Amino acid sequence: MPYHNAVCRPFGTPLQAQLAGVAGDPPRLLTHHGLVAVVSHVPEADFAEEPLRAHLEDLDWLTEVARAHQGVVDALTTVTTPLPLRLGTVFRDDSGVRTMMEAREEDFLRTLERLDGRIEWGVKVFVEAERAPDTAAAPPPRRPASGRDYLRQRRMQTKSHDDLWQRAETFSTRLHETLSGCAEDSRLHAPQNPTLSGASGRNVLNAAYLVPRAESEKFVETVERTRDGEPGIRVELTGPWAAYSFAGEESATGEGT
């Protein structure tokens, strides 16, 4: 069964010789008119409709597939502009891939034209506990002498926390405005759940920016200048990625088995 990683225009630069796709099969190219489908062979025992549905409940299996899928897309991003398809997009045979390509040809070409020569950068802002430079030498908190003293300390702690969040929100708003001015397009995603992401701190800004390759160095420098600028606030930059956030519906749907 062909597993469909991405759609792109024909390209002349070969992919990495040792590149392995999903299930370990090297990706191959299926050309259809002015488009190329990048697929890998996967076993029906794992990727037919019923076993695939069961596997999607297996986090370890899903993580392995996602890494292989992302590896192919990342390799494509170094040589062309790929349009990634949804994780787990499979077909019964090559004919099914070509039928889908025929049905969506105009949408694919239009989206690839819009994304040509552009990549995605991700920027996240996290709020962490505010730390003074001499934290290690600071005395332990004073034990409250009375109930009134305890309430006063709690009010001070709450105010400090609220002030940090206000600074983080103001900082994130300004940063997003600045980076949006350096990008052709931007998307605001829902904040990450720290339990799922494993990242420390609370996520305040989770944004994606569509940037021409030629402008990427300037964009990265703009982000780097914000690092360590605010105590208790951390900025993370990820990428470059294929333009997942800007690909539209055609990258998120696929005719499966």
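I started by counting elements, and the chain has 8 helices and 8 strands. A reminder to myself: this is a predicted model.

Next I looked up how much of the chain is tucked away. Of its 257 residues, 39% count as buried. The accessible surface comes to about 14700 Å², and carbon and sulfur atoms hold 51% of that area.

Then I checked the contacts. Among those with a separation of 6 or more, 78% link residues 24 or more positions apart.

On to the sheet. Which strands make it up, and in what order? I found an open sheet of 4 strands, ordered β6-β7-β5-β8, with antiparallel pairing. Its edge strands are β6 (185–188) and β8 (233–241), each pairing on one side only. From one strand to the next, the twist averages 20 degrees.

I took a second look at β5 and β7. Strand β5 (residues 118–127) runs antiparallel to β7 (residues 202–212), and 10 bridges join the two. For a landmark in the viewer, I noted that V127 stands opposite R202 in β7.

Last stop, helix α8, which spans residues 216–224. Which of its residues are buried? I have S216, F219, T222 and V223 on my list. Looking down the axis of α8, I see these buried residues within an arc of 120 degrees, so they line one face of the helix. On the face of α8 turned away from the buried side, I found the exposed residues E217 and K218.

How values were computed
Residues are numbered from 1 along each chain as its sequence is written. This is a predicted model: local features need pLDDT of at least 70, side-chain atom pairs count only at pLDDT 80 or more; totals for chains, interfaces and linings use all residues. Side-chain values use heavy atoms; hydrogens and water are left out. Buried means under 20% relative accessible area, exposed over 50%, partly exposed in between (1.4 Å probe, protein chains only). Contact means heavy atoms within 4.5 Å. Accessible areas come from the Shrake-Rupley method with a 1.4 Å probe; for residues, only the protein chains shown count as cover. The arc is that of the directions from the helix axis to the C-beta atoms. Two strands pair if DSSP finds at least two bridges between them. Axes are lines fitted to C-alpha atoms, for helices over the stretch in contact, and angles run from 0 to 180 degrees between N-to-C directions.
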